[in-house]
Amino acid sequence: MKKRCSINFSLITLSMILAVLVAACRPEPNTKPIADFSMTPTQGTTQTVFTFDASTSSDLEDPIDALEVRWDWESDSIFDTEFSTTKIIQHQFEQGATYYVTVEVRDTKGSTARYTDYVKVNWLNRPPTASFVVTPSSGFLQDVFQFNASACSDAEDQNATLRVRWDLDGDGTW
């Protein structure tokens, strides 16, 4: 019987060694990273340089320095930057609109996650262009002159919303 016990003991020991080897060969699970970013300022004009910071992104297995990010300024799924470990980037928008910005974060094992937020960009408010026509273009004191400012324009506003005022004698009083 002693032989039988030692054989069983050897089989149990061999089974335990095999179990440890199989467990050691299994890949460790990889969780998806958590994508996040902040922006400064949260709204501006076409003249504003926005700063986007994805340093608040995270991953259970990788340190923040190992994570890579890339940016899509219009959320059209066409990324405008390549993956980089640099988490802070600046961007200026050329047109006024509400932009949905997406960051994609990739960990060292290739898992990715995305986060989207929006930024409001207003056109740079340029001054309107004043223009008017006087009819008749010349005359006498008793003549009635008509002033027409319908040719005034503005790049940001519709002409129907523009308001005009007149200083008919040039003294600075409207």
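**Close-up views of a predicted model**

**View 1. Arg114 and Glu104 meet through their side chains in a salt bridge, 3.1 Å from N to O.** A salt bridge here is a side-chain nitrogen of Lys or Arg within 4 Å of a carboxyl oxygen of Asp or Glu. Arg114 sits in strand β7 and Glu104 in strand β6, so this pair ties together parts 10 residues apart in sequence. Salt bridges with shared partners join Arg70, Glu104 and Arg114 into one network. Glu104 is buried, at a relative accessible area of 5%, while Arg114 is partly exposed at 46% (buried is under 20% relative accessible area, exposed over 50%, partly exposed in between; 1.4 Å probe, protein chains only). Strands are DSSP runs of E, at least two residues, numbered from the N terminus.

A word on the source: this is a predicted model, where local features need pLDDT of at least 70, side-chain atom pairs count only at pLDDT 80 or more, and totals for chains, interfaces and linings use all residues. Residues are numbered from 1 along each chain as its sequence is written, and side-chain values use heavy atoms, leaving out hydrogens and water.

**View 2. Arg106 and Glu68 form a salt bridge, with their closest N and O atoms 2.6 Å apart.** Arg106 belongs to strand β6 and Glu68 to strand β4, so the pair ties together parts 38 residues apart in sequence. Arg106 is partly exposed at 27% relative accessibility, and Glu68 is partly exposed at 24%.

**View 3. Asp59 lies in the loop between β3 (50-53) and β4 (68-72).** Asp59 is buried yet has no salt bridge; Lys109, the nearest side chain of opposite charge, is 8.5 Å away (Lys and Arg count as positive, Asp and Glu as negative; His and the chain ends are not counted). The side chain of Asp59 does reach the backbone nitrogen of Asp62 at 2.9 Å, and one of its polar atoms lies 3.1 Å from the backbone nitrogen of Glu61.

**View 4. Strand β3 has a covered face, Phe50 and Phe52, and an uncovered one, Thr51 and Asp53.** In a regular strand the side chains alternate between the two faces of the sheet. β3 runs antiparallel to β1 (residues 38-40), joined by 3 bridges, and antiparallel to β5 (residues 88-91), joined by 4 bridges; strands pair if DSSP finds at least two bridges between them. Ser38 has Asp53 as its bridge partner in β3, and Phe52 has Ile89 in β5.

Definitions and conventions: A polar contact is a pair of N or O atoms within 3.5 Å; within protein, one must be able to donate a hydrogen and the other to accept it, and residues adjacent in sequence count only if both atoms are side-chain atoms.
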